[in-house]
Amino acid sequence: MGPKRYTQVPCHIKDIPVVDLVVISHSHYDHLSHPTVMELHKAHPNATFLVGLGLKKWFHACGIENVEELDWWNDVDITLSPNTGAKRISDASSPAPSAKSSDITARVSCLPCQHISARSAFDKAHTLWCSWAVSSGGKSVWFGGDTGYRHVPELPKEVDDYGPEYADLPHCPAFKQIGELRGPFDLGLIPIGAYDPRYIMSSMHANPFDSVNIFLDTKCKKAMGIHWGTWVLTVEDVLEPPQLLKKAMAKKGLPETGVFDVCDIGESREF
């Protein structure tokens, strides 16, 4: 039951060598898969899950105790000690713990986005949906999770909802706040798909024109388009999002390639 995949998974849990930390954007089944979480926990029992408010009890019901629950704008500091295998997590409002030169440190921030959560017809918005930022070694990445940018009314298919008449539709202010308070970011992982029909999906899922605005608001230096070509969720063509992304970049006077790109399934990029 439920949505089907366009594509097979690019790798399996057993192929991932080390998992120290997992961030969960929200509770929808395509972002919080019970079989996947259980397989991760089995293969990496010391991995810690960072989740939005209200989700800790779901993990506890799965028998997973290594869970930290955060609200928007909460930060935690992570210290990994490769020599001993130790991991420390502390509230970033507290003094940072002393770290050895061999330690790996990171700050992880739970941040807003424009979405919703549910795992049934009876728990809509019972748990928090989030985006996440990770800063380590002088570099930073922002993961947008699932998010919309604005709400678009029902319009004829041929009407451009960024045209003059609709260009000033209200949009979510959280992305500018993220850019101002936690940015700039070296890399953004920004959703670009599952957006049609717009009048239904725009408040929850960004289309590429929204995505470029999110990219600019959050002050990302570069970005990769995510959340497309995986699940059959909406009616746009599976290959349309990356095509529209190039048009959206050009519309803002930005390079069509090399700044905000997409990967092939299973492809790796270094930044």
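Tyr149 is buried, at 5% relative accessible area. Buried means under 20% relative accessible area, exposed means over 50%, and partly exposed lies in between (1.4 Å probe, protein chains only). This is a predicted model, in which local features need pLDDT of at least 70, side-chain atom pairs count only at pLDDT 80 or more, and totals for chains, interfaces and linings use all residues. Residues are numbered from 1 along each chain as its sequence is written, and side-chain values use heavy atoms, with hydrogens and water left out.

Now the aromatic rings. The whole structure holds seven aromatic pairs. Rings of Phe, Tyr and Trp (its six-membered ring) pair if their centres lie within 6.5 Å; planes under 30 degrees apart are stacked, over 60 edge-to-face, and the rest tilted. Tyr149 and Phe175 are tilted because their planes meet at 35°, with centres 5.9 Å apart. Tyr149 sits in the loop between strand E8 (139–143) and helix H3 (174–181), while Phe175 is in helix H3, 26 residues apart. Helices (H or I, at least four residues) and strands (E, at least two) are DSSP runs, numbered from the N terminus. Phe175 is buried at 0% relative accessibility.

Phe215 and Phe260 make another tilted pair, with 5.4 Å between centres and 40° between planes. Phe215 belongs to helix H5 (residues 208–217) and Phe260 to strand E11 (residues 260–261), so the pair ties together parts 45 residues apart in sequence. Phe215 is buried at 4%, and Phe260 is buried at 1%. Elsewhere, ring pairs join Phe49, Trp58 and Phe59 into a cluster.

Charges also meet rings. A charge sits over a ring if NZ of Lys or CZ of Arg is within 6 Å of the ring centre and within 35 degrees of the ring normal. Arg119 places its charged end over Tyr29, 4.0 Å from the ring centre. Arg150 lies over the face of Tyr162, at 3.8 Å.

Next, the salt bridges. Each needs a side-chain nitrogen of Lys or Arg within 4 Å of a carboxyl oxygen of Asp or Glu. The count is 11. Asp196 bridges to Lys157, with the closest N and O atoms 2.7 Å apart. Asp196 is buried at 12%, whereas Lys157 is exposed at 69%.

Lys176 and Asp217 form a salt bridge at 3.5 Å, N to O. Lys176 is in helix H3 and Asp217 in helix H5, so this pair ties together parts 41 residues apart in sequence. Lys176 is partly exposed at 44%; Asp217 is buried at 8%.

Asp210 and Arg198 meet at 2.7 Å, N to O. Both residues, Asp210 and Arg198, are buried. Salt bridges link Arg150, Asp161, Arg198 and Asp210 in a network.
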